[in-house]
Amino acid sequence: MRRSLSRTRATYPSGLTLIEMLVTLLITAILAVMGFRVIERFAISQEGLTYQASLQRSLAMTWSQIEQDLETLSFLSPRQRSAQLTQSPQGYRVGPVTWGLDKEGALSRTSFSDSNPMVFMKQVTSVRFALLDGNDEREIGAYSAGEIERLSRQELGVAVEIQMAGDPFPTRKIFPLPAAVE
């Protein structure tokens, strides 16, 4: 009886067959490609987030510096203000500094006491400073010195627009400019 039991047992090979091995390799390869794509997308999104954070930090520093420069105009008389708020080929004069674009397309600030410009933002295609008088808005260069002197006796707004390369719309901020002290 012992002999008949041993003959009826089927013998199965131990290990994987060739087809099972190929299916396992195929599944492993698919998982590896999916994992690589997830890591690649994460790296791309990380670079995008880093760029956006850098851009927002630069923009915040730019707005802050423009606001500080405009505060220096608050203590000037209307006549002094008309000389300190002008447009030139180098850019826009705001108090003791000039804001403009350099040759590389960077928004920079040049102080009259220091000839080295301070770069605030890169990849800027245009910048615009405008005065807001009620509903009227015109670029600073469109005003004569007499008009600025007359307008300085009331509260104004200074609108600053920065157009970035690749952006369809400019970034805009309005700063209040109190009436000049006589």
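Q: On a 1 Å grid over the protein atoms alone, a pocket is an open set of points where a 1.4 Å probe fits, with protein on both sides within 12 Å along at least five of seven lines; how much space lies in the largest pocket?
A: About 160 Å³, a volume being the space filled by probe spheres set on the points, which are joined across faces, edges and corners. Bear in mind that this is a predicted model, where local features need pLDDT of at least 70 and side-chain atom pairs count only at pLDDT 80 or more, while totals for chains, interfaces and linings use all residues. Residues are numbered from 1 along each chain as its sequence is written, and side-chain values use heavy atoms, with hydrogens and water left out.

Q: What makes a residue part of the lining, and which residues line the largest pocket?
A: A lining residue has an atom within 4 Å of a point. For the largest pocket, that gives Tyr51, Ser54, Leu55, Ser58, Val119, Phe120, Met121, Lys122, Gln123 and Met164. Two elements give two or more residues to this lining: helix H2 (18-71) and strand E5 (118-121). H2 has the largest share, with four residues.

Q: Why is Gln123 called partly exposed?
A: Buried means under 20% relative accessible area and exposed over 50%, with partly exposed in between (1.4 Å probe, protein chains only). Gln123 has a relative accessible area of 46%, so it counts as partly exposed.

Q: How do you know whether Ser82 is buried or exposed?
A: Ser82 has 7% relative accessibility, so it is buried. This residue lies in helix H3 (residues 78-84). Leaving out residues up to four places away in sequence, Ser82 touches Ala145, Ile148 and Glu149, a contact being heavy atoms within 4.5 Å.

Q: What about Ser14 and Arg57: buried or exposed?
A: Both are exposed: Ser14 has a relative accessible area of 75%, and Arg57 has 52% relative accessibility. Ser14 sits in the loop between helix H1 (2-8) and H2, whereas Arg57 is found in helix H2. The C-alpha atom of Arg57 is 9.9 Å from that of Phe120, 63 residues apart along the chain.

Q: Why is Glu137 called partly exposed, and what does it touch?
A: Its relative accessible area is 27%, so Glu137 falls in the partly exposed class. Glu137 lies in strand E7 (residues 136-139). Not counting residues up to four places away in sequence, Glu137 touches Arg128, Ala130, Leu131, Leu132, Ala159 and Arg172.

Q: What makes a nonpolar core, and which residues of the largest one touch the most other members?
A: A core is a set of buried Ala, Val, Leu, Ile, Met, Phe, Trp, Tyr and Cys residues joined through side-chain atoms within 4.5 Å. The largest has 30 residues, and those touching the most other members are Ile66, Trp99, Met121, Phe129, Leu131, Val160 and Ile162. Among the elements that each supply at least two residues of this core are H2, E5, strand E6 (124-133) and strand E8 (156-164). Setting aside neighbours within four places in sequence, the contacts of Ile162 include Leu59, Trp63, Leu107, Met121 and Val127.

Q: How many helices and strands does the protein have?
A: Four helices and nine strands, where helices (H or I, at least four residues) and strands (E, at least two) are DSSP runs numbered from the N terminus. Along the sequence the pattern reads α-α-α-β-β-β-β-β-β-β-α-β-β.

Q: Why is the protein called more spread out than a compact globule?
A: Because its radius of gyration is 34 Å, well over the 16 Å that the globule rule gives for 182 residues. The radius is taken over C-alpha atoms, and the rule is 2.2 Å times the number of residues to the power 0.38. The C-alpha trace spans about 125 × 35 × 25 Å along its principal axes. The C-alpha atoms of Ser14 and Ala180 are separated by 95 Å. Of the 182 residues, 31% count as buried.
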